[in-house]
Amino acid sequence: MLEKARVSFFLASRSIGRGNKGITIFTVFVLTLIFIQLVLFSSMLAGVTLKFNELMVDFQTGNVVIEPKTEARFIEDASSLQKKIESLPQVVGTSARLKTTGNFRYKEKEMGTTVYGIDPADESFVTDLEDAMISGEFLSRPDRGEVILGREVSGGFGALMESRSLGDVEVGDTVELTIGGVTRQFRVKGIYTTRYFMADASAYLTRADLEAMLGIEDRDFAQEIAVKTTDGTPEYDTRTALLSLGISENIRTWHEFAGILRLIENTLGMIRNIMNAIGLLIAFVIIFVVIYVNIVNKKRQIGVQKAIGIEQNVIVASFVLQAMLYAGAGVILGYAFMRFGLAPYTVSHPVEIPLGTMSLKLDSAEALNRAVLLFLASIVGSVIPAYKLAQRDLLDLIWGK
Amino acid sequence: MEIDRNQVESLVKTEGGNLKKGATRKTTGQPINSRQPGDFRQSGDSIKPSGSLFDSSSIEGIIIEGIDIVRTFRMGEVQVRALRGVNVRIARGEFIAIMGPSGSGKTTLLNQLGLLDTPNSGKVIIEGTDTSRMSDSEKGRFRLHNLGYVFQDYALLPELNASENVYISLMMQGKSKTEYETAAAEILTAVGLGDRLQQLPSKMSGGQQQRVSIARALAHSPEVLFADEPCANLDSQTSKEVLELFKKFNQEQGQTIVMVTHEGWHAEYADRIIKLKDGIIQV
C-alpha cells in the first residue's frame, strides 16, 4: 500500500516538476481564482453582515437595551438606573429614551414613524447619530421645539423610500407632529442618515419635548435605556453583569432586535451557497478538462506504465495527486492573496456600498471549508477522466488510439 | 559490472535458426522471482531447445508456450485474423527473432506472449502458469515481476530521468530506495550509460534512449525480455550496438529474449527465428 502511494506521489511530483510549466501555471492560476471567488463572496457577506451589525449597534440599539418590566409601560426612576448601569466598568454610556409612534405632516404629506425623546448629551455616548448629520445640526439639551429627522422621513438625500417620506423637507422647515391626539409644530434642526433604512426612518426630539407631548413631565420615565459597552465586550457578559446588579427590567441584546437583518443575512447566505455551488461546478469542470487534456496527451505513457506493471490504481492516484497538488497550490495562493492582500487592502481602502463603507472579513473556518470543497472537486474532477482512460485497453493506450 | 564469461557456453545455430540438439547454454535455472535486481551473474544450465514450432519431448526448460493462439481484430466491418492458431515454445535462455512481412502478425504474437494483449482463443503458458486464467491486474503484477519490454520508439517516460525510468518498476515492486537506486545505476552502467543517470530522455540520442529502455526492461531481472523492433528508429551502427547489448545479456546472463524484427541481419543475432506469414508460423 505504502509503496503504491510512494509511486503515485513520485509520478505526480515528477509530472508537475518536469512537465509542461505552462499547464501547471495555468491550472494553479485558475484554481487560485476559483478559490478566491469561493472565499470572496463569503468575505463580502461577512463584511456586509458586520456592517449591518455595526449600524444596528452604532445608530440604534447600542449593545444592550433595557426595557420596561413585562406589562409595565415605562421604566421608572430612569436616571438612577442609568447611574447604576454606568457603574459597570465595561459600560461606556447609557441613554434613557422615550419612544413612541407619531404622525408627521409637512405641507400636504403625512407619514407615521417612530419618535424618540432623548437627552442629546447622553445619546452621544451611546450612538453615533451626532456624526450622521447630513444637514443642519444635532440636538442639544436646551433645545425645545426642534426635531431631527432621518432621511427616510425628510425625503431627499438619496432616501430609499422617497415616495413614503414627507418629501424634500429641509433644515429650517417646520413640520407638524401629532402624538396621541396632541399636535405640535417643530422646526427641523437637522437631517441625518446612517445609511441603514430602519434607523433612518425615525425622528428625535429632546426628552423634555416628548415628555410634554406625552404628559409625563418630570416623571423620570423612560421606555428604553440603550447601553453602550467597550469594544469587544460580549453582550452575554454585559447582560449577566446587569442581572447581577439586581436589574429586574427586561434586558435584551442588540441581536434580538436584528430580525430583519438576520432575514437579509440568511437571504444573502442562500445566494452565497448557490454561488459556491456554481463556483465548485466550474472548478470541477476546469479540473476535469485540465486533467483530461493532460491525460489524453499522456495516453501512451499510461499505456507504457501499465505495460511495465504499474498498477492502474497507482496511475489513477498519480493524476488525482497532481490535481490535489494543483488545488493545494491554488488554495495556498488564493488564501495568501485574500489574507495578506485583498482583505487588508479593503481595511485601509474600504469599499463604498449603499450601507456605507465595507471591508472584507476573511473567516478562516469558511476558507477552510472552501478549501476542502475545492479538494473534493479536484479529486472527483481527476478521478473520472484518469480512471476512464487508465481502464482502456493496454494496446490502445500504447498505440495512442 | 563484472561478467563471468566462463559461464557462457558457445551457441551453435542451425541453418533454420535452431539450436543444435545437445547444444548447451547458460540459463538462470531459478524459479520466477528468485533473481534479484542487479543480479546479472547467473549459473548456466543446459537446455534442450525446441524446434521451429516446438519439440514435444522437451517440456523441461520451456519458459513460454503458446498453444493455438488466435487473435482477431475488428477494423470497422472487417475482421482481420492476425494470428490463426499459432503454436510456439520458447526455451529458457533462448534469443528468438520473430520475422515476417508487414501484417504477418509479428507484433501481435509478441503482444500475446508478453501478456500485453489477450488472444481470442488459445493459451499462453509462462513458466507453467496458464496466463489465460489471469485477471488484468494479475497480468500486470506478472509483467512487473517477470517480464521486460523494449519498444520500437523506446517508450520512456519523458518526465523521468534515465535512472528514474529504470527504477520505477523496482519502486513499484516495493524495493527500498537504496536497492532500486543501486540496481538502476548498475544496469545503466552495464548498458554504457553510467554517466547519464540524471539525464532526461529529451537530452539523449535515440540509441541512448533505447539503452535506457533496455536497462529498464532488465532492471528487475525479468524471466523474458520482449523487444518489438527495437532498432527500427536507429541507424545501423546504433542498431548493432543495441543488438550486441541484447546478445551480451543473452549470452552472459542467459536472458531469454523474444525480439520482433524485419531486418535479416538483426535476426542473425538470435538463436532461432520464428517466421510468420499471414498469422501462421512458416516451417
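A: Leaving aside its neighbours within four places in sequence, Ser8(A) is in contact with Val314(A), Ala317(A), Ser318(A) and Leu321(A); contact means heavy atoms within 4.5 Å. Ser8(A) belongs to helix α1 (residues 2-18) of chain A. Helices (H or I, at least four residues) and strands (E, at least two) are DSSP runs, numbered from the N terminus. Ser8(A) counts as buried because its relative accessible area is 2%; buried means under 20%, exposed over 50%, and partly exposed in between (1.4 Å probe, protein chains only).

The model is predicted: local features need pLDDT of at least 70, side-chain atom pairs count only at pLDDT 80 or more, and totals for chains, interfaces and linings use all residues. Residues are numbered from 1 along each chain as its sequence is written, chains are lettered from A and ligands numbered from 1 in the order in which they are written, and side-chain values use heavy atoms, with hydrogens and water left out.

Other buried positions of chain A lie in strand β1 (residues 64-67). From this strand Val64(A) and Ile66(A) point one way, while Val65(A) and Glu67(A) point the other way, and all are buried. In a regular strand the side chains alternate between the two faces of the sheet. β1(A) pairs with strand β9 (residues 224-229) of chain A in the antiparallel sense, over three bridges; two strands pair if DSSP finds at least two bridges between them. In β9(A), Ile225(A) stands opposite Ile66(A). β1(A) also has an antiparallel pairing, over four bridges, with strand β10 (residues 250-253) of chain A, where Asn250(A) is the bridge partner of Glu67(A).

Helix α6 (residues 207-214) of chain A likewise holds buried residues: Arg207(A), Asp209(A), Leu210(A), Glu211(A) and Met213(A). They pack against several strands of chain A, among them β2 (91-106), β3 (109-118) and β7 (182-192). Just after α6(A), Gly215(A) takes a positive phi of about 75°. The loop between α6 and β9 of chain A contains Asp220(A), whose phi is near 55°, a positive value in a residue other than glycine. Most residues other than glycine have a negative phi, and most peptide bonds are trans. Asp220(A) is partly exposed because its relative accessibility is 22%.

The surface of chain A also carries a nonpolar patch, formed by Leu281(A), Val285(A), Val289(A) and Val293(A), with about 330 Å² of accessible area together. Patches are made of residues with over 30% relative accessible area and no salt bridge; like charges are joined within 9 Å, and nonpolar side chains (Val, Leu, Ile, Met, Phe, Trp, Tyr) within 5 Å. Accessible areas come from the Shrake-Rupley method with a 1.4 Å probe, and for residues only the protein chains shown count as cover. Val285(A) lies in helix α8 (residues 259-297) of chain A, and it counts as partly exposed because its relative accessibility is 43%.

Chain A meets chain B through 26 residues of chain A in contact with 29 residues of chain B. The two chains bury about 2400 Å² between them, 65% of it on carbon and sulfur atoms; buried area is the accessible area (1.4 Å probe) that two parts lose on being put together, summed over both. The count of salt bridges between chain A and chain B is four. A salt bridge is a side-chain nitrogen of Lys or Arg within 4 Å of a carboxyl oxygen of Asp or Glu. Lys298(A) forms a salt bridge with Glu159(B), with the closest N and O atoms 3.2 Å apart.

Chain B has seven helices and 10 strands, and buried residues make up 56% of its 283 residues. One open sheet of four strands has the order β2-β1-β4-β5 (chain B), with antiparallel pairing. Its edge strands are β2 (78-91) and β5 of chain B, each of which pairs on one side only. Within this sheet, strand β1 (residues 62-75) of chain B and β4(B) pair over five bridges, and Ile67(B) has Lys123(B) in β4(B) as its bridge partner. The loop between β4 (121-126) and β5 (129-130) of chain B holds Glu127(B), which has a positive phi of about 50° although it is not a glycine. Glu127(B) is partly exposed because its relative accessibility is 25%.
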